[in-house]
Amino acid sequence: MRSANVVANDYVVYCRCQTYEGGFAAEPGAEAHGGYTYCAVAALRLFNQQHLINTDTLLPWLANRQMQYEGGFQVRLCMFSLALNIFL
């Protein structure tokens, strides 16, 4: 079993991975990604630490990843939606 101190340090790592855009990256300073964002938000919520998330930047980032016409979700800023990529 992991000690409470190690788990507490995980929160710090998750929060350091939140980018200036609002999403979460694989490591501090990297590009935000939908998958990492999902995992980081879920982990912080499971540990009742969601107050550490900067929702002022996260919510607009998430809203802007939803594609208007395709209905899919962009995992990164520079990608087409997942729905479109599946059919190409």
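How many disulfides does the structure hold? The structure holds 0 disulfides, a disulfide being defined here as a pair of cysteine sulfur atoms within 2.5 Å. In general terms, a disulfide is a covalent bond between the sulfur atoms of two cysteines. The sulfur of Cys17 has its closest cysteine sulfur in Cys15, at 9.0 Å, which is too far for a bond. Cys17 is buried, at 8% relative accessibility, whereas Cys39 is partly exposed, at 49%. Buried means under 20% relative accessible area, exposed means over 50%, and partly exposed lies in between, with a 1.4 Å probe and protein chains only.

The model is a predicted one, in which local features need a pLDDT of at least 70, side-chain atom pairs count only at pLDDT 80 or more, and totals for chains, interfaces and linings use all residues. Residues are numbered from 1 along each chain as its sequence is written, and side-chain values use heavy atoms, with hydrogens and water left out. The pLDDT is the predictor's confidence in each residue, on a scale from 0 to 100. Its average over the protein is 77, and 69% of the residues score at least 70. Over residues 80-88 the pLDDT stays under 50, and for these residues the model has 13 contacts beyond four places in sequence. A contact means heavy atoms within 4.5 Å.

The overall plan may be described next. The protein has 4 helices and 0 strands, and its pattern along the sequence reads α-α-α-α. Helices (H or I, at least four residues) and strands (E, at least two) are DSSP runs, numbered from the N terminus. Of the 88 residues in the protein, 30% are buried. The protein exposes about 6100 Å², of which carbon and sulfur atoms supply 61%; such areas come from the Shrake-Rupley method with a 1.4 Å probe, and for residues only the protein chains shown count as cover. Among contacts with a separation of 6 or more, 39% are between residues 24 or more positions apart.

Helix α3 covers residues 55-65, and within it Leu58, Trp61 and Arg65 are buried. These residues lie on the same side of α3, because they cover an arc of only 70° around the axis. The arc is that of the directions from the helix axis to the C-beta atoms. An α-helix has 3.6 residues a turn, so residues three or four places apart point the same way. The face turned away from the buried side of α3 carries the exposed residues Asp56, Leu59, Ala63 and Asn64. The buried residues of α3 pack against α2, which spans residues 34-46.

Thr37 is found in α2 and is buried, with a relative accessible area of 2%. Apart from residues up to four places away in sequence, Thr37 touches Gly23, Phe24, Leu58, Trp61 and Leu62.

The start of α3 has a contact of its own: a side-chain oxygen of Asn54 reaches to within 3.1 Å of the backbone nitrogen of Asp56. A polar contact is a pair of N or O atoms within 3.5 Å; within protein, one must be able to donate a hydrogen and the other to accept it, and residues adjacent in sequence count only if both atoms are side-chain atoms. Thr55, also found in α3, is partly exposed, with a relative accessible area of 39%. Thr55 and Gly22 are 33 residues apart in sequence, and their C-alpha atoms are 7.6 Å apart in space.

The loops remain to be considered. Gln18 is placed in the loop between α1 (4-16) and α2, and it counts as buried at 15% relative accessibility. The side chain of Gln18 reaches the backbone oxygen of Gly22 at 2.9 Å. Leaving aside residues up to four places away in sequence, Gln18 touches Gly23, Phe24, Ile53, Asn54, Thr57 and Leu58. Ala32 is also found in the loop between α1 and α2, and at 1% relative accessibility it is buried. In the loop between α2 and α3 lies Asn48, which counts as partly exposed at 49% relative accessibility. The phi of Asn48 is near 55°, a positive value in a residue other than glycine. Most residues other than glycine have a negative phi.
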